[in-house]
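Please look through the sequence and the model below before reading on. The report that follows takes up a few local features in turn.

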Amino acid sequence: MTGNVLLNGKKRRLDYGGVAYVTQEDVLLGTLTVKETLSYSAHLRLPSSMTREEVDEIVEGTIMEMGLQDCSDRLVGNWHLRGISGGEKKRVSIALEILSRPRLLFLDEPTSGLDSASAFFVTHTLRNIARDGRIVISSIHQPSSEVFSLFDDLFMLSGGETIYSGEAKKAVEFFDEAGFPCPSRRNPSDHFLRCINSDFDVVTATLKGSQRKYEIQSTDPLMNLATAEIKAMLVRKYKLSEYANRARARIQEISTIEGLVSESERGSQARWWKQLSTLTRRSSVNMSRDIGYYWLRVIIYTVVSVCVGTIYFDVGTGYTSILARGACGGFVSGFMTFMSIGGFPSFIEEMKVFYRERLNGHYGILVFILSNFLSSLPFLIGMSLTTTTIIYYTVKLQPGFLHYTFGFLTLLSSIAVVESIMMIVASLVPNFLLGMVTGAGIIGIMMMTSGFFRLLPDIPKPVWRYPISYINYGAWALQGAYKNELIGLEFDPPFPGEPKLKGEHILTTILGVRMDHSKWWDLTAVVIILISYRVLFFTILKLRERTSPLFRRLYTKRTLHHLEKRPSFRKKPSFPSKRHQTLNSLSSQEGLNSPLH
């Protein structure tokens, strides 16, 4: 598809700021209240020069405009928190986008899933927004007669072809002129859809034979013509109508305006540091209120740490303690970090909010990644500190503040790496089940090549040793844990009378750990891997944003190619013209008065 986008006669890009888009799905953080949701969004986008009082005034005005006063202090709601209704969620989604007062507002089926009263109120609110001087363009599926009466203009499509474009109230007149009048007591939108939706023509033709004995000729054109034929007649009628001529003339008039200029607008007028602080606060509140994000993991980490501490309690320096210390280090650096994939479902929900907000230019990708790390850091520190403290003092690992600090920093960095891996998985596989399986598989491979199940020198060098083990956080973390625990210790020999075994000797001969670098370099390597994964996450999001239009175009072409093979997409029907074989016309069955009878 090619062409120019003209707004008020000027060539513009549909960029962030002047244009907003409300998706069909209400993607909101369920742990925030309605007022908090709008307030955080306002601080993310409104100019940094505005005072807090001015921002709060805009938020309160938007709440009043959308009729959300009664639920402003209630949580939006999620799987474990009771929240607001579907209609209120839809109004919150719309309120988020009108905070910055866009000139053009797009909505994707805003009444889907709502009852008639909620659908009417949402549409009436959109009408008020339009009366305020903004353009509101919405796709809508089978609205009620009350909702339909609220629309100013109607653009009707079927199979990519224009059926009608003009004033909504004149659509009934157009269908009447085309020979398909709407019964007096029937919803106009239902009548229009029945005339142009040809998806069921094949089914109707198949059922025709079984009803042949009841065949009665009807004078209703909807009963005697296939929908594909009706649609073709409406398309021809529109092309020759005054409505099409008026639309073509208006397009020509706009296209010939002199001095077309290209303008672009920013989606957010807030400074990056304000966006970072606002997003960090919002993410911290979300994490603290969502029990599945970190609190459940904190409990599990504490319980498992107590189990590890009691199983390896006071491990000592006997000969058998060599294996026990190695197993304890392998469990902590492997399984204790593996449990971090449990936060994947909550992160998926946060990613959905990011995609929706990024679609409308609320903030940048780098701000999102930094805010997520900063808001999660206190929870990661808490989990690592609790786990290290319990295990360190119950197992009685090598004493010393530096040894304790190294164990804490290694576990903290390793958990952060696993979270980074799950972020990358979430950006590539946004499905919950597939993401969990993929993440578990990746972490499982890293556990196998970390040097615990098989020593690093014995791992096959192609692929597994080079490069997998070198980019594996577990391999570096386990080597550092071994060095931190064994260097400086002496262990009892396997047989009495023999000299004691030094930790350095055990590292090189039994555990296959190289001593050509210190444990702090191992920790540095884990931190470098952590930063690399975050950079990779940023790169994937950037590439996805840049390449998604190309993939959408390819998908659209492929979809259109398949649609052309469908009977409902063909210009001419592939079956006889009698659409239904019923005893009476549909209007008489409904008990309605039709102008045709």
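How many bridges join strand 6 to strand 7, and do the two run parallel or antiparallel? Strand 6 (residues 153–158) and strand 7 (residues 161–167) are joined by six bridges and run antiparallel; strands here are DSSP runs of E with at least two residues, helices are runs of H or I with at least four, both numbered from the N terminus, and two strands pair if DSSP finds at least two bridges between them. This is a predicted model, in which local features need pLDDT of at least 70 and side-chain atom pairs count only at pLDDT 80 or more, while totals for chains, interfaces and linings use all residues. Residues are numbered from 1 along each chain as its sequence is written, and side-chain values use heavy atoms, with hydrogens and water left out.

Within this pairing, Asp153 has Glu167 of strand 7 as its bridge partner. Two residues lie between the strands of the hairpin, where Gly159 takes a positive phi near 60 degrees.

The aromatic rings come next. The structure holds 23 aromatic pairs, a pair being two rings of Phe, Tyr or Trp (its six-membered ring) with centres within 6.5 Å, counted as stacked when the planes are under 30 degrees apart, edge-to-face when over 60 and tilted otherwise. Two stacked pairs are set out here.

| Pair | Centre to centre | Angle between planes |
|---|---|---|
| Phe354 and Phe368 | 4.3 Å | 20 degrees |
| Tyr466 and Tyr470 | 5.4 Å | 15 degrees |

Phe354 lies in helix 15 (residues 344–359) and Phe368 in helix 16 (residues 365–395), so their pair ties together parts that are 14 residues apart in sequence. Phe354 is buried at 2% relative accessible area, and Phe368 is buried at 3%, where buried means under 20%, exposed over 50% and partly exposed in between, with a 1.4 Å probe and protein chains only. Tyr466, by contrast, is partly exposed at 41%, and Tyr470 is partly exposed at 33%.

The charged end of Arg465 sits over the ring of Tyr466, 5.7 Å from its centre, a description that requires NZ of Lys or CZ of Arg within 6 Å of the ring centre and within 35 degrees of the ring normal. Lys519 likewise lies over the face of Phe406, at 5.2 Å from the ring centre.

Helix 19 (residues 473–486) is mostly covered, with 13 of its 14 residues buried. Just after helix 19, Gly488 takes a positive phi of about 100 degrees.
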